[in-house]
Each structure stands twice: as structure tokens, then as C-alpha cells.
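Dear colleague,

Please find below the structure I am handing over to you. A summary of the findings follows it.

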Amino acid sequence: MHKTSAVGILANPAAGRDIRRLVAQASVFPLAEKCNMISRLLSALGAGGVDEVYMMPDAGGISRRLLRMLQTPSLQPRPPVTFFDMPVVDGAADTLLAVERMVEAGVGAIVVLGGDGTHRLVAQVCGDTPLTALSTGTNNVFPALREATIAGLATALVATGQVTDDGATCSNKALRVSVNGTRDLALVDICVSTALWTGSKAVWRVDSLSQLFVAFAEADAVGLSSVAGLIRPVSRRDHAGVRLDLAPPGEAAMSVTAPIAPGLVVPVGVAAVHDLLPGERQTVCAPQGVIALDGEREIEFTDGDRVAVWLDDDGPRTIDVERVMARAAHSGLLTSTDQTLSNPLQKGDSTDAAEQG
Amino acid sequence: MQLNKDDALRAYRTMKTIRVFEDRVHVEFETGEVPGFVHLYAGEEAIATGVCLHLDDGDRIASTHRGHGHCIAKGCDVRGMMAEIYGRKPGLCAGKGGSMHIADLTKGMMGANGIVGGAPPLVCGAGLAAKTLGNGRVAVGFVGDGGSNQGTTHESLNLASVWQLPCIFVVENNGYAEATSVKYSTACDDLADRASGFNMPGIVVDGHDFFEVYEVAGEAIDRARAGGGPTLIECKVNRYYGHFEGDAQTYRAPDEVENVRQNRDCIDNFAARAVSAGLVQEDDLASIDRDISDLIEDAVNLAKAAPKPEAEDLLTDVYVSY
Amino acid sequence: MGIKTFQQAISEALALEMERDERVIVMGEDIVGGSGADGEMDAWGGPLGVTKGLWGKFGDRVLDTPITESAFIGAAIGAATTGLRPVVELMFIDFMGVCFDQIFNQAAKFRYMFGGKAETPVVIRTMFGAGLRAAAQHSQCLYPLFTHIPGLKVVVPSTPYDAKGLLIEAIRDNDPVIFCEHKLLYTQEGEVPDEAYTIPFGEAAVVREGEDLTIVTLGRMVHRAVEAAEALAGSGIDCEIVDLRTTSPMDEDAILESVENTGRLVVVDEANPRCNIATDISALVAQSAFDALKAPIRMVTAPHSPVPFSDALEDLYIPTAASIEAAARELAEYRS
């Protein structure tokens, strides 16, 4: 009898219906598909030995749909789902409260379904609980687009303690911003623009961008971090990040043709490239403007405001699905043998896995 | 998308005019002097303003039963509107239309509409006219969350997409179709999601945020003008008054409106951000406030003093010729 | 000038007006026929071929619509208030049920509601009438419903000549016009000039002069009335036939003048009997020419039932020359 293992699932009902649908042919990710993802997750969590799942109630319709779905019989046994008894305000506060409750309940992992914004919120309060970051849509850099079944299996293996070694999860960096002492964070990039106001959240015009801070930048990423990724890639596991000073393409020494949003590949002028070391306070050059966190304009500031940005190495821990599944194969975690029958791996040529296991 | 000082001041003037107009009609209605059915737009000002700031008189809009805000934002004469609401002869529609049917075609305002879901087919027509005449005009149809469930809306979204019309459909989702919650009446997650079934972009915006409405509407309108076809924009918003004047609103949570008024008011929010960003100065806004206060006072006094239509007006304007 | 069918007359009117005024567009279901399909464009030219050939001449101004009457009738109305002069086809008048709001709450009311500031020059062409074994949802005579609505004009032509002249008038008119074409008249032939001409609304045609009895009628029933009148003439009953041509506006003077003259009135209307054109005219005459009447008014109409499918029943449903003749004889022989 092993001890009870629980997993939290945090699904944001409101992700991804912004201006990128209009200006960049962004994908549409309906609630029904989120619920299908959760259903597949639940099957995999059950198969992986998770006994209990905690979720956030929501006004957007995910909990309502799921409750209906859970009443219908499934071919695959699913662990019982508990929706927290909590007030629902249909906003960011719901996510913060639900994740706090999940941590209190001692879940072994939290699966997050949402975009960069949702993950940013979760990261504020999840502490050391590892996250499985799943993207719902094409607009995201931090969470991966990945089949929920596999993510569920990997999450179960970590949450139940079947995979424990350090390689199963990795720590992430985080970018912090403080405006007059009020803090926020980004997981991928922080961009400063000299625009006077935020309209729709997404950043999709580059003419007024002045500075870009990235925690990691991959050459094959989509989003603002791709500007750095195409000239000075840094991995999620590298110690430092990168800071770019931006300028209109005609006025800068270098121009990078970057996929700053899905369907939007535009030239971005880069005037200077700097290392960004953890803990180093960065000055924001623009006297007033707008700060975008992971590609979403969130903060307006003016010349009276005290603005600082820095990189931290204490971001959320995330489950490395590929490594966990490789470990599962290696250790035969999802394998059982019947001694009365001959072992198929000990016949013929396919002996490697069994011998290694 | 840029917004210069003049635009910002125009936006403020429009939103504030709508607010003061509606607040005053609310007060005047209680005296019993305002006849008929009146549906107030207060709380939703950022939507009409953020959209119509991109339009001029040659562009068309069609509206809903909650149409005062759209009329003001599209440039209808405020005194004429007030006189119309009082049923007076100098009213914009000669006292024959009333609150639910204010129109001024010379301003591109195709009418408030007493039929829920009335606007979308009409703006398809305005879009078709623009496309046929090749004049670069666009047409914007406003519907509520209630109207979004009407067949006319669905049919029009399809037709506009099939014909690639320069139309923008703005769904003002204020949470209630009369007294019935959108959570009850609507099977989709977001009303904007319906757009994908008609092969057009569907965007959700915060209808309390002028800047967001302005930016998204601007992109959609530019796209339509350039021949890119229709867009559906869902604005999530709250109305400050009831469905109609006299609605006790017992179906709403007791603190629902107060919370929004305190924390998310579109005009307060706009003023604070525009001043903070240095787009406008406090003094500019105070001066506009005084103008508006005078304007509405004048409009009400003129309306009350204006003559009503006479017997000979009963049978005119049925036809152009008969 | 030449002998043309009712259908050709309508097609000619559309082509002439589209030629004359590029604001005129034509739209409706399958009026081109074949849009988006792999075969021919202009395959149908309307379900009965009335608009065939227009697309070849006028291209994008002739538009197939999806089957979405609320949207495209509404769009035609919206386009009419914003610079076009659309002629939109509502395939069968029975389909008004799915778009009536656009017609009676929108088009009909704009001018009045907006204090005289709107013009809505839209023509809604629509096919009506029984006799094609098309059953209850494709055979009705619903023009009385339109006639009831202030703000609409309603045209019900009976001959190719009238169809052309009235349609051109309708297209040039600045109010919304419902143009009702009886589906059994399309093959009717008659003299039709080649050039454009108009027939004013509200002017009935006296298609047969007579002294003894007035038959007021419209649409296909005009021809049945003529047939009846010829039979009655053999018995020495001399009928005058007034073809209304438009039910809104309605030529009250022509009706009253004829009744003042003859003193006897039969009204023939293919519509169902309650609140139809026959009751309307009967009320008019009872109110305004009571003293001239030498006999009660007789109404010959369809019965108060849906249009049946079986030919055995449909033939009973539609007023016939014989039923008109019988009503007329009864009046001619009436002695108070």
C-alpha cells in the first residue's frame, strides 16, 4: 500500500482569444478541447497510479463540462476529481487561490493548461511543486504543445514518486519586474516599449520596442524571445539570460527577421546585446512606456515611476516529460512480466531494453 | 496604433457625453416625463466610442435597442436625441421614433433597433453597398449577448463571410439578455468563438477598456477597408442600469454594479491612464466636463420646452410618395 | 414591340434598369445558379429561369445568395438605405415567414421611425399562387399580409405588359415594394414594347368595360374573370373588370366609380378569405358606395384552408371561372 498521491490540474478557461486571432491568425482553442485534454490527462494520471486530482472551479465552463463528462462511463479508470470549494471571481485571483490550495493539499505536481500568462500566475505561488506546462494554443513559449496523455503519464510517475532523480524536473529562471515596489514576473521575456498605452495585451507591433530581457531564448521559438534566440541563443538551463537594446530596423546596427508572434515574421532592429546575470538590477531606459510580460502588455509606467527588472534563478520547477518517459522505459516502470510466459524481450534481437532495465 | 491628444480628448468627450446623457435620462425618467421604453448604455461607453472613433460619416453603423451611446459616438446631435426621447417635434426623428429608433443616416447611423438582432442583416447590406460601390466604406453592427443568439446574427455572420463584406460585428456582452444570464442562454464558451464557424477572426476584449477596444476595432476596421473581410469582436462589459428604466434588477447580485463602478469604470480608467501617460491634462478634462454638463442641461431644457408633433404629422413620412 | 411572355417581360425590365442605373443590383437564391459549383455559372438563372442571362451581362451585380432569407432580405434593405437599389428575389412568397421581420419591422418602418429621413428603394420580387401542385408551403397568396403594413407598396401584375411597366416603376420607386408574380402567369404571352416604360402605382386597369356588374380582381384571377365575363356576356350580363394591379396603394376611385356605375360587385381574390383583398374592397364599397349597391357584395375566394396538394383538392381550392360566373349570375338576378 503506497501513500496517497495527488495531482493538481489548473486549466485557465479564459486563455487565448486576443488580437492575435485578428492580426496573426492565432489558433483558436475552445473549452471543449481543453476539457478533452483534461479527460485524456485524467486517464493517464489514473493509469500512472495517481489517486486524487484537485481542480479549480471556474465560471468559464470547464468545471461544469468536466462534471458532466465525469458522470459518463469511461473505458479508462479515472482518479476522483475534487473541485475546491472556493469563491470564483472569474479572474487571476481564482488561479492564485487554487494553486495555493493545491500546494496546501500536498499535490506531487500541478499540470497547467494555458498560455504564458497562466503559467506566470501559477509560478507566483506554486513554490517547489513541479509543474507540467501544457500549452493551449500556438501563442506560447514557456509551455509546450504536447499530447496530454503523455504529459499525464510523466506527471503521474513524478507525483507518485516512481521517478525521483533530479533530471526528471528542472528549475527555471524567472524575470522579475518591480514598479514602485509592486512586483510581477515573466518566465520567458520582458519587453519595454515607449508606447503610451496598452490596448489589446499582445505585442505585435515592433516600432516602439526599446528593450528586451530574456530568461531563455531558443532559435526555434516563436514570440519576442526569438529575436534573441536568433542571434544569442540561451537555453532554459543556462545560468544567464540576455538583454537586447532595440531600435527601429533602419536605425540599428543589426536587423533580425524574427517570428515575434505566430504568423508574424518581421524585422526587429537590435542596437546592442548584453549578458543578463541573475540578481543584476537592470535599468529601464525609456522615461515612460509599457512593459510586456511574456509578450503581453501588462504595465503602463511614466517618468515618476521607479522601474527595475532583474533575472532570478528561482523560477518554478517543471517536469521534463521527455526525460521522465525515457526513464520509465529504461526502468520498465510501465512494464510488468508474467513469469509463466516467456519474456518477449529475451527472444530474438530485441534484447537491449530488457538488459539495460 | 497611435492616439494623439485630439483623439484622446474626443474619446473622453464622447464617453463622458454618453454617461452624462444617460445618467440624466435615468433621473428624468423617474419624474414620469420621459415616455415609453428606455434602455440606457451607461457603463458600456468605451465600446461605442472605441469603435466609432475609427469611423466617419460615410461609414455606417446599425445599433440595438440600447442605442443612445452608439448614436452619440457616431455624431448624432445630442439635443435632437434628447428631444426625440421626449417625443418632441424637433427630435431627431420628429418624435416618431423615440429612444429605440433614433437614427441619422447623414451621420451613417442606420438606427437604433427595437428588434433584438436587428442590426446584422442591415450592416451586411451597408457592407454590400460599400463593396459594390467600391468606396472603401465599412459597416459596423452592434448586437448584445441576447442578439447574438438570434438567427439573424448567425445568418449575417455567414453571409458577410461568404461575400467577404467590409463588416464588423460587435457583440456587447453585458451579461444579461433582459433578465436572463448569458451563462444560461448561450451554449458556446465565448461569443467570439462563434466566429471560427464562419471562418472569420473572433476576438474577446474588455469592454471597460477604451484602449483595448480602440486598438482591436482599429485593426478590424483597417482590415475590412483593405478587403480583408469581416471580424467579430466580443466586448465583455457591464451595464450600470437595468434592462429598461424601471427594471428593479433583482436578478443581479447586490454589489455587482457597484464593484464595477468602483474598480473598472471605463471613463475613470481612461482618464487616469490618459493623464498619467501625458496624453491629456486634468484641465482639459475638467473643461470638457463643464461643456457636457451645459450641453445636457440645455438639451433637457430644450426638449421639455419643445412642441410635440401635431395631428397633421400622423400620416406624413409613411412613404416617400403614395 | 412584340409578343413576349410574362417571364421575358420581367427579365427585360431588370436588364433595362440595370443598364440604366448601376446602383441596381439583383440578388436571390439561385438567381444565377451554379455559383461555387463545378459546372456552368448561370446554370439556372433563377428557379424558373426568370433572371437567366443577367449574370453574363452584369457580373457581380447579380448575386447568388445562400439560403438565408433573413440575412439577404435584410441586407438588400440595408443596402437600399446606403446607396444601392437592390431587387431581391424571395423565391416563394411563403418564405416570408423566415424573413418577415426584415420586411415589416425594418424596411416598412424606417422612413416613419426616422422622421422622414430614410429612403429604402428595395424591390422584393416573389412568386405566389396555387395551381402548380406545390402544396401548402409553396402556393399561398400572401399579398394581403404585406398590404396590411403601412410603409410597403404591393404590386400584383396580371399581364406581361403590366409586369414590365410595374417592375420598372417599382425599381425607380423610393419606397420598399413587394412585387408578387403568380407562378402560373410566367408563360402568359402578350404585347410588350422593347423599350423601358412605367405604369404608375395605384392606377387600376379596367380590362373590360361593362354596365351590369363590376368584378374587381387581381393577378391570375383577372384571366379567370375575363373567361367568366365572356360566358356571362352570352347571357346578356355585361361585366366590367377592374384589375387592381397594385394593392398598396390601391385605386379606390376606380373601384368606387365602377360600382357607382354598375351597382353590383363581385370581388375575386385567390387569397384565403379572412382579412384579404376581397374583404378590404367589400368594406370600402360598403362604406363609401352603399347607396349605389343594388345587391349584396359577393366575394369569390379560396376557402379558409391551407393549399392542398392533390390536384383533386387544389382544383377545388382555387376560384374558377365557373365560381365567378355563378356569383355574378346570383347578383344579376338579385331582387331585394
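To begin with one chain, chain A contains nine helices and 18 strands. Please bear in mind that the model is predicted.

The overall form of chain A can be described as follows. Its C-alpha trace spans about 75 × 50 × 35 Å along the principal axes. A compact globule of 357 residues would have a radius of gyration near 21 Å, and the 22 Å of chain A therefore agrees with that expectation. Of these 357 residues, 50% count as buried. Among the contacts in chain A with a separation of 6 or more, 72% are made by residues 24 or more positions apart.

Chain A is also divided into two parts, namely domain 1 (6-164) and domain 2 (174-312). The C-alpha centres of domain 1 and domain 2 of chain A are 28 Å apart. To the contact between them, domain 1 of chain A gives 17 residues and domain 2 of chain A gives 21 residues. On the side of domain 1 of chain A that touches domain 2, two or more residues come from each of helix 1 (20-23) and helix 5 (116-125) of chain A. Helix 5 of chain A provides the largest share of that side, six residues. By class, this side of domain 1 of chain A comprises seven nonpolar, six polar and four charged residues.

I turn next to the arrangement of the chains. Two pairs of chains touch, and the pair with the most contacts is that of chains B and C. Chain A and chain C, by contrast, are joined by no contact, and their closest C-alpha atoms lie 24 Å apart.

Where chains B and C meet, 36 residues of chain C are in contact with 36 residues of chain B. Helix 3 (69-80), helix 4 (100-107) and helix 5 (110-113) of chain C each contribute at least two residues to the chain C side. The largest share of that side, nine residues, belongs to helix 3 of chain C. The residues on the side of chain C that touches chain B comprise 16 nonpolar, 14 polar and six charged.

Finally, the interior deserves a note. In soluble globular proteins, nonpolar side chains tend to be buried together. Here the largest nonpolar core has 321 residues, and those with the most contacts inside it are A:I110, B:I168, C:I215, C:V266 and C:A328. Leaving aside neighbours within four places in sequence, B:I168 is in contact with residues including B:V138, B:V140, B:A217, B:I221 and B:P230.

With kind regards

Terms used
Residues numbered from 1 in each chain as written. Chains lettered and ligands numbered in written order. Predicted model: local features only at pLDDT ≥ 70, side-chain atom pairs only at ≥ 80, totals over all residues. Contact = placed C-beta atoms within 7 Å. Core = buried A, V, L, I, M, F, W, Y, C linked by C-beta atoms within 7 Å. Buried ≥ 20, exposed ≤ 12 C-beta atoms within 10 Å, placed from the backbone. Helix = DSSP H or I, 4+ residues; strand = E, 2+ residues; numbered from the N terminus. Nonpolar A, V, L, I, M, F, W, Y, C, P; charged D, E, K, R; others polar. Domains from an automatic or database assignment. Rg over C-alpha atoms; globule rule 2.2 N^0.38 Å.
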